[in-house]
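Welcome! Please take a moment to look over the sequence and the 3D view, and then read on for a short tour.

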Amino acid sequence: MENKMKQHLEELDILGYTVIEDVLTREELEMVTVKIKHIYDLQRKETEPFFDLDTTEERNIARAPFIYDDYFYNLLNNPKVIPYIKALLGDYFILQAQNGVIVEPQLVHSMSKWHRDLSHQNFVCDPIIAVNAFYCITDFNAQTGATMLVPHSHKTKYQPTSEYIEKYGISVNAPAGSVFLFNTMMFHRTGSNVSNGLRIGLSHMYTKYFIKQQMDIPALLDFKVPEDPFIKMLMGFDSLVPTNILEYRKVRYDIVKRRTQQSGSE
Ligand SMILES: O=C(O)CCC(=O)C(=O)O
């Protein structure tokens, strides 16, 4: 493993987060900004006749952009990011969610309450079971409403007091085009945007296979099984819950067959 990667992984382990700069180009950032705003707008129009976006705490969140646009689908397997996820979660993991988060100036975002991403789960976990690769589409700093984090809090079983958070909470500092990785058990929140422009982020939560996806991704993809075995696994097709005994036995059959073939070839 190269030294730069080792340093990032050490930071992530000890602090709970690390910033990797220069992952996306200027052109990509401009394009992603347009695409996320467009997808959010489509979803807003689809949702508003049924649910109020503020009541559902869904304002300014573009859910699952990868089902609308191949750019986002391909980003799930970004070769600049996936080696980190593999180093953290091993070879078998899934995408739990991909979401665009838009923070308007002077508007409180629904994700601005301190939380862990495995919501309401106050346990600590070693080894790590879930990691977020959060792409900064615009500059992230204390003025623009960067994500706020409580470093090391992925190691505490309880939510730190507001006094502690006030003293030790920080805003991520990362130029547009960076990705910051964080342990999703770390307390974090969307910051307040006191600048004049939008703050846009794109969150990717990768987890061990036994954590439920935010939405049923195979169903979102109309159960069209991806040809690439890695993408098939990532999207959750290898960890579907069998719906009946025969399906379960098919899973067992494949596992035992694979095991027998492996031991035969050793
Ligand atoms: O928008 C942010 O900075 C953080 C978003 C967040 O809290 C989340 O995705 O869980």
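Predicted model: local features only at pLDDT ≥ 70, side-chain atom pairs only at ≥ 80, totals over all residues.

Residues are numbered from 1 along each chain as its sequence is written.

**Domains**
- The chain is assigned domain 1 (3-235) and domain 2 (241-266), with bounds that come from an automatic or database domain assignment.
- Between the C-alpha centres of domain 1 and domain 2 there are 34 Å.

**A three-stranded sheet**
- Helices (H or I, at least four residues) and strands (E, at least two) are DSSP runs, numbered from the N terminus.
- An open sheet is formed by three strands in the order β6-β5-β8, with antiparallel pairing; strands pair if DSSP finds at least two bridges between them.
- Its edge strands, β6 (170-171) and β8 (188-189), each pair on one side only.
- Two bridges join β5 (residues 148-149) to β6 in the antiparallel sense, and Leu149 has Ile170 in β6 as its bridge partner.

**The largest nonpolar core**
- In soluble globular proteins, nonpolar side chains tend to be buried together.
- A nonpolar core is a set of buried Ala, Val, Leu, Ile, Met, Phe, Trp, Tyr and Cys residues joined through C-beta atoms within 7 Å.
- A residue is buried if 20 or more other C-beta atoms lie within 10 Å of its own, exposed if 12 or fewer, and partly exposed in between, with C-beta atoms placed from the backbone.
- The largest core here has 46 residues, and those touching the most other members are Ile36, Ala133, Tyr135, Ile137, Phe180 and Leu181.
- Elements giving two or more residues to this core include α2 (26-47), β4 (130-136) and β7 (179-183).
- Not counting residues up to four places away in sequence, Phe180 touches Tyr17, Thr18, Val19, Phe134, Val172 and Ala174; contact means C-beta atoms, placed from the backbone, within 7 Å.

**Leu29**
- Leu29 is in helix α2, and it counts as partly exposed because 16 other C-beta atoms lie within 10 Å.
- Leu29 and Gly177 are 148 residues apart in sequence, yet their C-alpha atoms are 6.8 Å apart in space.

**Around the ligand**
- The residues surrounding the ligand include Asp117, His188, Arg189 and Ser203; a residue is near a molecule if its C-beta atom, placed from the backbone, lies within 6 Å of it.
- At least two shell residues come from each of β8 and β9.

Methods
Contact = placed C-beta atoms within 7 Å.
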